[in-house]
Amino acid sequence: MVATLCFAGAVSSYTQSVILLPIVSRLPDYLDTSRDNASWVITATLLVAVIALPTGGRLADLFGKRRVVLTALATLLVGSVICALSDSLAPLLVGRALQGVTLVVIPVGVSLLRDILPAERVPGAIAAMGASLGLGGAVGLPIAAWIPQHLDWHVLFWVSTGLAALALALVSTRIPESPLRTTGTVDVIGTVGLAVGLTALLLVISKGRVWGWTGGVTIGLAITCVVALIAWATYELRCASPLVNLRLAARPVILATNLVSVLIGFTLLGMLLVSPYLMQVPHVPGVTDHGMGQSVVAAGLWVAPAGFAMLAMSPVSARMTTSVGPKATLLIGTAVMGSGYLFVVIWMDEPWQIMTGVTITFAGLGIAYAAMLGLIMASVPVGETAAANGLNSLMRSIGTSTASAVTVTVLAASTVMVGGREFPSREAFERVYLIGVIAAVAGVVLITLIPGRRAAPTVAGRAPAPVTR
């Protein structure tokens, strides 16, 4: 059961985080459209994901976690087929939007493992499930880079289709449904309100640079975001069966952990985005001395060991959580992530140095991720774990979206010309890595403010909650 859900999580991560990175610059040619229009292929996925994460978590608590995982994988399968058959922008947008639903697999899968496994197996299973997040992205990158160079780009999505079909078959035959349910109804108004607020927020983050940070559209969306989220929060506090239990989410442990999740999401994607790009910059003495001239495939191979490092650290994280507690484990993991960024700030002249920094960062993520989920699940009733994990994943997604916008902005601010093309300067890459160090330090400081907790009793001990069987 653990291996099956970890595989499903890795498929989700591969599809969302990696599959378009190698071809994103070629999409305008593939689709016969502008670069700005092509960027919506990524934005559409993020927009659906930020809505699906809290909604999917709540639906899982109400109607069954296995059912939600199966629905997400089926949606991924359909979306992948649509993408594989697409030759223009509109159907590809539809397919990628459907693929965005799949991000619920990991947080809901973690909650499902907590419900169906013996208590002593839960910490290790959660750690392994968290490791699938990095494994799918880092290991899939060189595969996704090789395919467009040697095969038709549609093969990327046929691979995704095959993986989704296999994951769907395995989950449907090997995973039982959780017997735990919470009571309540679907909060339609809360879902719509949150969708409006988060959509506006994500558009500001992802499109603000293109539209202009002081442009009318950007400012209008920012105002819409603030008004919609305030109205949504006011309604949720009065709703008998809210989409997000804000009173629960405001508890110091949960609030601080979710804020740390934003910073962890930022450091994760920042490292994964900028490091392969740095290695692909051409090396021209006196102009781009920092460039390494690696191919897309080679850059992906240099990054791949990071996924295995995260997987290797998952049992270590489980043991640390049991021995020193989830708070200390989360603090150590976040500090290790920051040290990976610091390593690259100091040494960024050879591919092996970049590989070392990325590997250290992902090893820290392997330590931190399970502890972060342990803190969340130790602080919520059993009947609300999927919703709480979905909210935590949402916060991480906001961090990754912010990292993407910040990285692009910083790299574009300082460039050099090589053969008529612009490339970021060494100083630009250094600034991105320094921002990652600062984010990790901020995370460490925030973790120290989390109320101390030696163990995670509701993970191991199944603390009672109002549920039905």
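Reader: At roughly what angle do the axes of helix α13 and helix α17 cross?

Author: This is a predicted model. In it, helix α13 covers residues 252-280 and helix α17 covers residues 351-377. Their axes come within 10 Å, and they cross at roughly 160 degrees.

Reader: Are α13 and α17 roughly parallel or roughly antiparallel to each other?

Author: Angles over 145 degrees count as roughly antiparallel. The axes of α13 and α17 cross at roughly 160 degrees. The two helices are therefore roughly antiparallel.

Reader: Is the crossing of α13 and α17 left-handed or right-handed?

Author: The residues that meet include V253, I254 and T257 in α13 and P351, I354 and G357 in α17. Further along, L268, M271 and L272 in α13 are also part of this contact, as are L365, A368 and M372 in α17. The crossing of α13 and α17 is left-handed.

Reader: How many charged residues does the contact of α13 with α17 have?

Author: Sort the contact of α13 with α17 by class. There are 17 nonpolar residues and six polar ones. The number of charged residues is none: no charged residues.

Reader: How is α16 oriented to α17, roughly parallel or roughly antiparallel?

Author: Helix α16 covers residues 326-346. The axes of α16 and α17 come within 7 Å and cross at roughly 165 degrees. The cut-off for roughly antiparallel is over 145 degrees. That makes α16, relative to α17, roughly antiparallel.

Reader: How many charged residues are in the contact of α16 with α17?

Author: The crossing of α16 and α17 is left-handed. Its contact residues include 15 nonpolar and 10 polar ones. The charged count is one.

Reader: How is α16 oriented to α19, roughly parallel or roughly antiparallel?

Author: Helix α19 covers residues 426-448. The axes of α16 and α19 come within 8 Å and cross at roughly 165 degrees. That makes α16, relative to α19, roughly antiparallel.

Reader: How many charged residues are in the contact of α16 with α19?

Author: The crossing of α16 and α19 is left-handed. Among the residues making the contact are K327, L330 and L331 of α16 and E430, V432 and Y433 of α19. The classes are 14 nonpolar and five polar, and the charged residues number two.

Reader: What radius of gyration does the protein chain have?

Author: Along its principal axes, the C-alpha trace spans about 65 × 45 × 45 Å. A compact globule with 469 residues would have a radius of gyration near 23 Å. The chain agrees with that, at 21 Å.

Reader: What percentage of the residues of the protein chain count as buried?

Author: Take contacts between residues at least 6 apart in sequence: 81% of them join residues at least 24 apart. For burial, the cut-off is under 20% relative accessible area. Of the 469 residues, the share that counts as buried is 57%.

Reader: Is G9 buried or exposed?

Author: G9 sits in helix α1, residues 2-18. Leaving out residues up to four places away in sequence, G9 touches V105, I106, M129 and S132. Its relative accessible area is 0%, so G9 is buried.

Reader: What distance separates the C-alpha atoms of G9 and F423?

Author: G9 and F423 are 414 residues apart along the chain.

Reader: Is T218 buried or exposed?

Author: T218 lies in helix α11, residues 216-238. Beyond residues up to four places away in sequence, T218 touches V204, G208, W211, G212 and W213. The relative accessibility of T218 is 4%, so T218 counts as buried.

Reader: Is V217 buried or exposed?

Author: V217 also lies in helix α11. V217 and A231 are 14 residues apart in sequence, and their C-alpha atoms are 21 Å apart. With a relative accessible area of 52%, V217 is exposed.

Reader: Is D32 buried or exposed?

Author: D32 lies in the loop between α2 and α3. Its phi is near 55 degrees, a positive value in a residue other than glycine. The cut-off for exposed is over 50%. At 72% relative accessibility, D32 therefore counts as exposed.

Terms used: Residues are numbered from 1 along each chain as its sequence is written. This is a predicted model: local features need pLDDT of at least 70, side-chain atom pairs count only at pLDDT 80 or more; totals for chains, interfaces and linings use all residues. Side-chain values use heavy atoms; hydrogens and water are left out. Helices (H or I, at least four residues) and strands (E, at least two) are DSSP runs, numbered from the N terminus. Buried means under 20% relative accessible area, exposed over 50%, partly exposed in between (1.4 Å probe, protein chains only). Contact means heavy atoms within 4.5 Å. Axes are lines fitted to C-alpha atoms, for helices over the stretch in contact, and angles run from 0 to 180 degrees between N-to-C directions. Angles under 35 degrees count as roughly parallel, over 145 as roughly antiparallel, 65 to 115 as roughly perpendicular and the rest as oblique. A crossing is left-handed if the near helix is turned anticlockwise from the far one by less than a right angle, and right-handed if clockwise. Ala, Val, Leu, Ile, Met, Phe, Trp, Tyr, Cys and Pro count as nonpolar, Asp, Glu, Lys and Arg as charged, and the others, Gly among them, as polar. The radius of gyration is taken over C-alpha atoms; the globule rule is 2.2 Å times the number of residues to the power 0.38.
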